[in-house]
Amino acid sequence: MIKTRQEYTTYQTKLKAELAREKMRVLVCAGTGCVANGSLTVYEAFEQKIKAKGLPVKAQLLEEAGGHEPYAVNISGCHGFCQMGPLVRIEPSGVFYHHVKPGDVDEIIEKHILNNQLVERLLYHHPATGQAVTTQDQIPFYQKQTRVALEHCGRINPDDINDYIAHGGYKAITEILFEKTPEQIIDEVLASGLRGRGGGGFPTGKKWQFARAATSDKKYIICNGDEGDPGAFMDRSVMEGDPHRVLEGMMIAGYAIGADEGYIYVRAEYPLAVKRLKRAVVAAEEMGLLGYNILGTGFSFKINIKEGAGAFVCGEETALIASIEGQRGMPRPRPPFPANKGLWGCPTIINNVETLANLPPIIINGGQWFRGFGTAGSPGTKTFALAGQVAHTGLVEIPMGMSLREMVFEIGGGLRDGKQFKAVQIGGPSGGCLTEAHLDLPLDYEALKQVGAMIGSGGLVVMGQDTCMVEVAKFFMGFVQNESCGKCVPCREGTRRMLELLTKITRGQAGEEDLALLEELALVVQDGSLCGLGKTAPNPVLTTLRYFRHEYEAHVRDKKCPAGVCKALQDYYINQEKCKGCGLCAKVCPAEAIAGAKKEPHAIDTARCLKCGTCIEKCKFNAIYTA
Amino acid sequence: MQPRKFEKLQEIINKHEGKVSHLIAILQEVQAEYRYLPEEVLTYVATAMGVSPATVYGVATFYAQFSLVPKGKYIIRVCDGTACHVRGAAPINFALRKELALPDQQQTTDDLQFTVETVSCLGACGLAPVVTINDQEVHGQMTPEGVLAVLAKLQAREQQPAEQA
């Protein structure tokens, strides 16, 4: 139990010394992705096998390993390069091995750990040159990144509070409790220019000012971990990989606005994040860094963890508050804003996970340091979840203002399987689809807003030539229609009608007038909806209509899907040269639309064909094609 | 209705001191106990907590996590987030439903062994497309063939429980 500032400093010095004593540190990624690929068995193998060599091994920083230069074998949070997992990073050299299987552990121990030789075959090889890349920082995927919010993800053991402290953790909150007034903190955050990372982009310091000015005996801080955007997983990675950072960020915010209690609202779909956060809260309380009268300063802060139950709309501030109160998560009109009247009627600040994770380094290094990254209007760094048909998928953090091209082609390594770039969908269901013409657009709040997209929470899905943009718009509309809470008419009915129209278009049943109707409806929903979900729901439709109108027109005029995705708009044919006449397709065809003599090429009667695709699936000779 | 059933329920409600703000957490725990939320259980929760059945029913039907119909022993969730969608989540879902002969609109097999549902995003986009079994096993970079192999393993596990034990 740490009771004073002096004790904290002494303790941290001791932990740092302990860290410096480590001969080597093996970090096995235990993010959701790597765990799915079996990283925990890799971790166990390292621990047992190094021990079996008679070497001192420890899994926690303060564990007694019985040796002067112990080997630390730790789990770590997400490294971001999920597709290459299980990932192993070895400190202090920063050597990075990918696709590590339990069977590879012996070789890594024998060569790398005991004899300081690299295991070449497990290193990353540059796709262009084929050359092995030794350390993580030299891999193109990481080279262009600047990690602030994700600084510790993949570097420390998320389940060990001591590891966090040894890496500078809880220093920011300790410092401000003794040296700064809440107003000074707000000024520093204002100076940093930090804007809400959950999508809105509202200046964090300004939001705090409102809550600071509100008079109330009770105020709350809520950490919004309801990362509902399909295609985004940065908040999950921070909560799983550096949970104490989230707690510290909340304490800083709490001190700034005068709150003594906080809630972390986590999606039900993130069980691992819930587990690690709960452990972190207990550890911080036991250490005296969280709870009543922290370090004898009189500042108290309590953190509760609330699990969501699956509702996208709960990412909206007022809906989230309703959900914490135990009600249906439906938004209410603002004002009053939560900063004045929020949880149980008390002034409440809701900050996104990533926003909070940026706070400790801003406090330590100052607002001006933060402004050193990014652009004038959008300072700092932002995490993006790079996914879709890109060669390297994963989590990246870049200074704001980097071009889309650098992101997709340099960090992401271009498209996979030699596909051609077609579009990128940015910002989830609230964002928009951008084209090749936007590749040189800087990724910041203003530039994206101008073209009708938004950073949103940072989902970035790359799409290749074989993606149908109408189908993509339909996909997002299906999502928001399903997630619309039903409170206001424009969103409830509007999204449903738009989905109907889009479905009609993909089935080839729509006419030219339906495009005009779709556009009109989209504008009504945008203007008339109560909350952010409805207001932004038409964005995918509007941007695809704007940038890929020809595709919509092909669907309604020519009844063709240029990308060949919409099943109803394709006709099925049999390649007469490839067909061996086995008759399997005719047998499985539910419409009896295929006929032909035995051992002779068959043919499909397109009038009877239901376009179900069963024949394509069954044909062993790849003789059936669509056009 | 056996009295035992309500005993456990009451225990959960008591643990949360019957606080209305804990309604979601209470329902989550109740569902973990019964695998779904039977109607009589919702009525009981409402009465015990002193709120209207409509309030409890309203919350239970609002959130995707709650089910008012029984679910299967194995809940197979096919992620249909954006990343999984563009990498082919639909054929995986299709293959599963076909193999289990699930008619449209039905998620659970008649023998209550399997439930197939889609989920908006599991946040494992780097591994897309993703399928999870009972939220425990995560299968990444799935294909229709791959998911059928996973299913076959589960089915085999069910058919030979005696040998396993």
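Domain bounds here come from an automatic or database domain assignment. The model is predicted.

**Exercise 1. Domains**

Task: State how chain A and chain B are divided into domains, and how far apart the centres of domain 4 and domain 5 of chain A lie.

Solution: 
1. In chain A, domain 1 covers 18-143 and domain 2 covers 169-371. Domain 3 is made of two segments, 382-436 + 444-467. Domain 4 (470-558) and domain 5 (571-626) follow.
2. Between domain 4 of chain A and domain 5 of chain A, the C-alpha centres are 35 Å apart.
3. Chain B is assigned domain 1 (3-62) and domain 2 (74-159). The C-alpha centres of these domains of chain B are separated by 29 Å.

**Exercise 2. A sheet in chain A**

Task: Give the strand order of the open five-stranded sheet in chain A, and explain why β13 and β15 of chain A each have one side without a neighbour.

Solution: 
1. The order in chain A is β13-β12-β16-β14-β15, with mixed pairing.
2. β13 (394-399) and β15 (432-435) of chain A are the edge strands; each has a single partner strand, so one side of each lacks a neighbour in the sheet.
3. From one strand to the next, the twist averages 30 degrees.
4. Inside the sheet, β14 (residues 421-426) and β16 (residues 459-464) of chain A are antiparallel and share five bridges. A423(A) has M463(A) in β16(A) as its bridge partner.

**Exercise 3. An annotated site in chain B**

Task: Locate the cysteines that UniProt lists as "binding site" in chain B, and decide whether C79(B) and C125(B) are buried or exposed.

Solution: 
1. The UniProt record, an unreviewed entry, places the feature at C79(B), C84(B), C121(B) and C125(B). These positions span 47 residues of sequence but cluster in space, with a largest C-alpha distance of 9.2 Å.
2. C79(B) lies in strand β1 (residues 74-79) of chain B, while C125(B) lies in the loop between β2 (114-119) and β3 (131-133) of chain B.
3. The cut-off for a buried residue is 20 or more other C-beta atoms within 10 Å. C79(B) has 30 such neighbours and therefore counts as buried. C125(B) has 33, so C125(B) is buried too.
4. Setting aside residues up to four places away in sequence, C79(B) touches two cysteines of the annotated site, C84(B) and C121(B). Its contacts also include A89(B), V119(B), L122(B) and P129(B).
5. With the neighbours within four places in sequence left out, C125(B) contacts residues of both chains: G231(A), F233(A), A385(A), A387(A) and T393(A) from chain A, and G81(B) and A83(B) from chain B.

**Exercise 4. The surroundings of V148(A)**

Task: Place V148(A) in chain A and list what it touches.

Solution: 
1. V148(A) sits in the loop between α5 (140-143) and α6 (161-166) of chain A.
2. V148(A) is buried, because 21 other C-beta atoms lie within 10 Å.
3. Apart from neighbours within four places in sequence, V148(A) is in contact with N358(A), P361(A), G380(A), T381(A) and E397(A).
4. L404(A) is 256 residues away from V148(A) in sequence, and the C-alpha atoms of the two are 20 Å apart.

Conventions: Residues numbered from 1 in each chain as written. Chains lettered and ligands numbered in written order. Predicted model: local features only at pLDDT ≥ 70, side-chain atom pairs only at ≥ 80, totals over all residues. Pairing = 2+ DSSP bridges. Helix = DSSP H or I, 4+ residues; strand = E, 2+ residues; numbered from the N terminus. Axes fitted to C-alpha atoms, helices over the stretch in contact; angles between N-to-C directions. UniProt positions renumbered as here; feature names shortened; annotations may be inferred. Buried ≥ 20, exposed ≤ 12 C-beta atoms within 10 Å, placed from the backbone. Contact = placed C-beta atoms within 7 Å.
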